[in-house]
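Thanks, everyone. I have one item for today, so let me put it on the screen.

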Amino acid sequence: MTVSRIKMKIPRKELDYYNRLLAMTEVDFEKEQISEDSTLQTYTVDFGNGIEADIKVCAGQTNLFVDPVLFHNGSEVCVLETADEVDGEYFFEYEGVTYIAEIAGE
């Protein structure tokens with residue numbers, strides 16, 4: 001099986017901010033100035049050949065979650081379970097290839 005791995009580095013302060021919010025079971029959206037049911041941040045990892053992974057930090061109605069999605073030419077082809085931390089590895093399978101998007105702080 002073919003594996004394609006891309007590592008994206010984001011500022012440690014930004015990563016810590018989102019991870020702090022993601023760790024909360026209930027977020028005070030008003031205090032944090034966050035809209036319910038919204039996408040706060042999208043990190044896009046480009047694997048080439050029209051394959052991209054979006055690692056999205058989203059707000060629900062009480063807390064935040066990470067929504068990892070793989071796209072091929074703009075069409076959604078693989079969705080992973082939600083996560084509760086931004087940093088880490090996201091493993092997507094599509095057409096015999098494992099795409100690994102790694103998010104790390106710098």
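Which residue in E3 is the bridge partner of Gln41? In E3, that partner is Val57. Before going on, the ground rules: this is a predicted model, where local features need pLDDT of at least 70, side-chain atom pairs count only at pLDDT 80 or more, and totals for chains, interfaces and linings use all residues. Residues are numbered from 1 along each chain as its sequence is written, and side-chain values use heavy atoms, with hydrogens and water left out.

Strands, labelled E, are DSSP runs of at least two residues, numbered from the N terminus. Two of them pair if DSSP finds at least two bridges between them.

Strand E2, residues 38-48, pairs with E3 in the antiparallel sense over 9 bridges. The two form a hairpin with 2 residues between them, and Asn49 in that turn has a positive phi of about 55°.

On to E4, residues 64-72, which pairs with E3, again antiparallel, over 9 bridges. Ile55 stands opposite Pro68 in E4. The hairpin joining E3 to E4 runs through 4 residues.

Now burial. Buried means under 20% relative accessible area, exposed over 50%, and partly exposed in between, with a 1.4 Å probe and protein chains only.

Last, cysteines. A disulfide is a pair of cysteine sulfur atoms within 2.5 Å, and a search of the whole structure finds 0. Cys58 is in none; its nearest cysteine sulfur, that of Cys78, is 16 Å away. Cys58 is buried at 6% relative accessibility, and Cys78 is buried at 15%.
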